[in-house]
Amino acid sequence: MSEFKTVGKSEIRVDVRGKVTGRTDYAADLKMKGMLHAYLVRCFDYAHANIIRLDMSEAAKEPGVVKVVGPEDVTSNIFNQSVIDIMVPPTLTGPFGDIDDQKIFADGRVKHYGEAICAIIATTEAAAEHAAKKVIVEYEPLPVYLNAEASKQADAIQFDERKPGNLAFQLPEAMFENNIMGHGDVATGFAEADFIIEDTLYTSKQKQCQMEPNSYIALYDDSEKLTCWSSTQMPKCVQSKLATIFEIPVARMKLIQTTVGGGFGARLGMVLEPHACALAMAMPGYPIKIQSPREEDWLTSPSRHPGDWKVKLGFKKDGTPVAAEANFASYKGAYYLDGSGVAATTGGWLQAVYKWENLAYQGQTYFTNQPVCGAFRGYGNPQQTFVMESMIDRALAQLNIDPVEWRTKWHKQVGDGSWFPDVPYSSVAIDPCLEQGAEAIGWKEKRARYKNQTGTIRRGVGVGMTTHTSGAFPMLLEHTVCSIKLNEDASANLTFACSDLGQGSHTALRQIAAEALDFPVSDITLNTQDGDITGFDIGAHASRTLYVGGGAVIEAVNDAKRQIFERVAKLLEANPDDLELKDKQVFVKGSPSRSVSLKELLHGSVFNFDVDLATGPSFKEGQIEGYASYNPPHCSPPWAATFIEVEVDMETGECELLEMVNTHDIGRAINPAIVEGQMEGGAQQGLGMALTEELYFSEDGKVLNNGFTDYKMLGPSDMPKMTNIIIEEPDPFGPFGAKSVGETGLCTPLGAVANAIYNATGVSVTDLPITPEKILKAIKAQEAA
Amino acid sequence: MSHHTINLNVNGMPQTVTVEGNQTLLEVLRETIDQTDVKYGCGTGECGACTVLVEDNKPINACMTLAATMDGRSITTVAGLAKGNELHPVQQAFVDDFAIQCGYCTPGMVMKSVALLSENPNPSEDEIRHYLEGNICRCTGYAKIVTAVQSASENMVQYAGGDAA
Amino acid sequence: MSTRVLTKFDLQIPQDIPEALAILDEYQEKITPVAGGSDMLIAWKHGVESGNAMSVTALPGLDYLTYDENEGLRIGALATIDQLLRSDIVREKYPALWESAEIFATHQIKNTATLVGNCLRASPAGDGSAAAYALGATLTFVSKDGGERKEHIDDLFTGYAQTSRKPNELATEISIPAPKVGSRSAFIRVTRVNEDLAKLNVAAYLKMDGDTCSEARLVMGCVGPTLLRLPKCEALLKGSKVDDATLDAVANTVNDEISPIDDQRSTAEYRRSVAPVFLKRTILKALS
């Protein structure tokens with residue numbers, strides 16, 4: 001019998017009936033009176049060029065065109081489409097050197113394929129698109145830099161004068177001596193090592209590919225209020241940024257959050273909100289709608305940072321991990337965005353997992369003529385998981401040590417430093433993950449069986465593991481405001497700006513509120529969308545919504561309960577601390593007969609006119625609203641491990657995924673089915689990054705596969721059979737003991753599948769994605785050697 | 001531009017609309033008839049978010065169909081599935097089995113599943129997975145969608161009326 | 001440039017064949033005929049200008065699929081891939097065609113795409129067209145003044161995305177001879193993920209007299225500007241026992257007959273590496 005009523009139950013999600021009937025509106029589905037359509041004209045001729053001439057006059061004459069809007073017609077304020085910079089505490093802003101470097105339209109120079117040049121506003125979308133063909137742009141082509149090596153050359157054209165050498169960011173000397181993150185002395189460590197493995201690797205440019213393309217509406221109305229309808233993950237940060245860009249008070253900058261058709265980091269900040277708002281400002285009184293073609297999502301919203309890795313690991317004969325050295329030189333794309341974030345955080349993940357005696361990580365990011373990079377589920381962790389987990393297994397094969405045993409022995413423990421070394425682990429339950437996962441996949445038996453295979457078809461099993469975070473405390477601001485209003489019939493409205501990207505957080509947060517109030521879930525609603533009403537919240541990033549949001553909800557409920565208990569204490573002549581709320585009755589602990597009906601109390605708090613003609617009108621105390629302005633005390637890192645079995649065709653390099661076991665140290669599963677959904681969905685993205693997904697370019701910087709025809713993700717028949725193992729050992733800080741689950745599920749498959757292929761074939765592919773082409777080439781090279 | 005006046009039956013409602021030769025069925029459903037439950041996901045027939053059923057429960061991509069060529073056809077979209085407040089068994093299974101996360105692929109995914117079960121009432125897991133190719137979901141890893149189609153297959157037997165869509 | 005709106009064109013929807021032929025005769029190369037239209041819609045979406053298009057979807061009586069021992073399999077120009085897939089005749093007598101239909105695009109596309117359209121698209125990566133090529137299909141064209149013209153598929157593909165169809169001709173049918181005694185066929189496609197365009201495909205048709213191969217038609221896709229017949233490999237099979245030695249000889253020869261390139265889906269190097277493997281496997285699949 002569970003100690004909880006709703007926590008731990010797979011309650012049906014609150015949002016799905018509207019989604020399954022098609023009645024839920026996404027931004028693209030909204031229509032408004034007087035609405036006009038905008039099309040952004042982009043540069044598809046060059047990835048790097050000066051704009052010599054822009055002539056919109058012919059386009060302006062096209063039928064249906066209402067206005068053509070060029071760089072001169074919109075604000076010239078510069079901004080950063082990401083929001084990470086406003087989340088960084090002031091102590092870090094200086095050393096990190098985050099910059100604003102974007103404008104609504106290209107500032108005289110196109111720096112990546114698909115950059116926006118100007119816009120057409122017309123009565124219909126078709127009219128706007130057809131008129132766009134009449135825009136004349138003349139360019140002066142410039143050399144194109146598509147990787148860190150090319151961009152850092154001394155004679156390369158500079159992207160930003162504030163960032164010499166096109167080095168957008170490296171770990172700052174002011175915080176990291178010699179620009180190195182880590183501990184100990186790796187030189188000494190390698191000197192002590194019995195075995196050293198060293199290699200260069202590449203991790204690819206993966207795209208979130210959320211199913212909802214980018215659509216926005218903006219309106220600058222007669223009250224000089226700017227309203228933007230957006231499916232951003234970060235409504236309050238975006239509201240704040242838009243207010244700054246357009247120089248209007250936050251109170252007149254309204255952001256209405258529309259249903260989010262997936263995000264995964266692509267909407268961690270702004271995509272085309274600045275453009276929609278700029279066009280609305282240029283055309284006051286008319287709602288302006290932008291519906292961006294699917295192909296443009298690859299060009300406008302941030303992708304994962306690709307880049308080059310150098311890794312060196314040292315071990316003692318018994319497997320003792322004595323030294324790890326890693327350098328990640330990532331390709332930033334054309335603008336800064338999360339320049340500091342991924343380069344720095346990747347080192348955090350890298351040092352978080354195992355007890356390396358000495359560790360040195362360096363991270364840089366260089367501007368390139370590519371569409372921008374920013375946040376993507378995992379935020380550097382998938383890259384490091386692939387690199388480190390595959391390098392470790394190659395070493396363990398040489399040392400003849402079992403990968404599961406090694407991981408069990410050398411992972412960090414409670415009290416050890418986490419990804420943020422000053423914050424020690426509050427709970428670690430990776431051992432049962434490894435043990436039960438190994439059991440479920442048949443680890444020992446299969447590892448033994450798959451030794452010394454010789455045929456064309458060979459099998460292998462592999463494991464990959466990592467840890468992550470629950471919110472970005474203490475590196476970033478984690479502030480969340482939540483309120484809960486108790487109604488006259490003892491129902492409650494939560495108000496909270498958190499976005500549900502589809503993961504189910506709105507459902508789980510209602511469960512947390514219901515559990516804390518001991519209300520049925522159906523008596524609680526959650527209002528998130530109206531930016532005029534909701535208080536501040538950082539947004540949905542860093543696997544924080546359930547963990548931090550849940551903490552905020554509990555604190556708001558506790559504030560409401562405190563008010564209830566104070567009032568009831570007077571009525572019952574009891575101490576508020578002795579009161580308890582259960583089934584909508586407030587009573588003295590231990591004597592349930594001394595009780596007050598919550599419904600009567602709350603009814604009286606709303607209808608509170610207390611007529612007494614002798615003394616004149618008076619009022620009872622008013623409506624109760626609980627409030628929390630919450631910051632979490634910790635980041636309770638979750639752990640996860642994935643086991644995969646593959647079959648590889650040695651003649652063709654083709655790899656089939658046979659079986660997958662995902663395990664997760666969750667602390668507590670508030671809604672187990674939702675937790676599984678995160679693990680399974682993460683697996684599809686992690687396997688895709690490992691095996692098929694990559695954005696690639698022609699030599700002159702044109703994106704060659706910005707469409708589902710050639711950007712290939714695993715489909716339903718490609719996905720292996722999946723088993724989920726959820727380990728619940730409550731964390732001391734999380735709401736009801738819960739930790740996060742949003743991002744780890746993407747990371748661990750990368751290590752597991754790479755290691756399973758290695759186990760099957762004896763070859764290791766060091767650049768992602770691991771395609772049959774690369775596997776076969778490696779097999780042939782091995783045969784030749 | 002050529003104009004074509006066509007008759008459609010959308011979810012049981014007769015519609016007479018005038019379309020241009022280059023308009024897709026998706027555009028006409030969403031913009032002209034306000035059937036915004038049919039989603040634009042890619043416009044190239046890859047993602048399946050715009051899947052609708054024509055006549056004998058045949059799934060097609062509305063984005064890959066010229067509207068003018070659909071004169072006289074009956075079209076069912078996800079909004080036409082439920083009987084009043086009672087969800088179609090496939091819809092109910094998607095709700096009950098957590099097959100929906102962000103929901104953007106859901107209208108197309110549900111229609112594709114209805115089409116599958118109307119021609120193959122008891123599909124194997126493998127048949128479900130292969131049939132659902134052409135409908136992309138980026139949230140669920142497909143696991144719970146496959147489960148939902150399996151549950152729906154069991155529940156369809158008891159579904160009043162017996163007709164699939 | 002990518003858009004959500006198709007480029008402007010006038011669409012004609014003839015209601016019978018004479019009307020269609022009159023339109024083709026009038027517009028000649030200035031009109032694009034489409035059946036299922038999936039490839040053309042993508043082209044229009046990416047800014048290809050057509051000016052005029054003619055949908056043949058309303059033409060009556062072209063959605064047939066018939067079979068008899070004399071005429072073989074006759075597939076009307078509007079018979080969909082889905083119809084092929086549902087046909088027991090296709091499944092039993094033309095395995096390569098059925099297998100190509102099974103993996104052909106998605107079920108949505110199967111419901112609108114046609115084998116005739118797939119052949120006339122003349123993609124070097126065509127699946128249905130590769131099978132039809134190996135099976136020795138014949139297309140029927142009609143024109144306003146020229147009457148009916150038969151074109152063997154060996155003469156159809158003239159270059160990348162180009163065919164011998166004359167601008168005033170309407171393709172009405174593709175037919176495949178009834179399978180000869182001892183004949184067999186198979187199709188294999190290699191992709192990045194299951195739902196994908198081919199990075200390599202192979203269709204094989206063999207006629208066996210006991211252990212000896214008396215006739216062979218081998219087709220490989222994605223290794224040249226058009227689908228390619230492999231005449232040298234076919235010659236090695238013809239008159240030979242299909243044993244390991246023959247298969248090895250075939251495998252060792254295929255790279256002389258193909259000219260793959262690097263593209264979005266694979267590399268020339270990989271295609272050269274696996275062409276022998278998949279050719280061999282397709283032949284063995286046909287024989288099994």
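Reader: Which cut-off makes a residue buried?

Author: In this predicted model, burial is judged by counting the other C-beta atoms within 10 Å of a residue's own. A residue is buried if that count is 20 or more.

Reader: Is C:Glu234 buried or exposed?

Author: C:Glu234 lies in helix H9 (residues 231–237) of chain C. Its C-beta atom has 21 others within 10 Å. The cut-off is 20 or more, so C:Glu234 is buried.

Reader: What separation do the C-alpha atoms of C:Glu234 and C:Ser214 have?

Author: Leaving aside residues up to four places away in sequence, C:Glu234 touches C:Ala216, C:Arg217 and C:Leu218. C:Ser214 stands 20 residues from C:Glu234 along the chain. The C-alpha atoms of C:Glu234 and C:Ser214 are separated by 9.9 Å.

Reader: Which helix gives the most to the side of chain B that touches chain A?

Author: Chain B has 42 residues in contact with 43 residues of chain A. On the chain B side, helices H2 (89–96), H3 (106–119), H4 (125–131) and H5 (143–156) each supply at least two residues. With four residues, the helix that gives the most to this side is H2(B).

Notes: Residues are numbered from 1 along each chain as its sequence is written. Chains are lettered from A and ligands numbered from 1 in the order in which they are written. This is a predicted model: local features need pLDDT of at least 70, side-chain atom pairs count only at pLDDT 80 or more; totals for chains, interfaces and linings use all residues. Two residues are in contact if their C-beta atoms, placed from the backbone, lie within 7 Å. A residue is buried if 20 or more other C-beta atoms lie within 10 Å of its own, exposed if 12 or fewer, and partly exposed in between; C-beta atoms are placed from the backbone.
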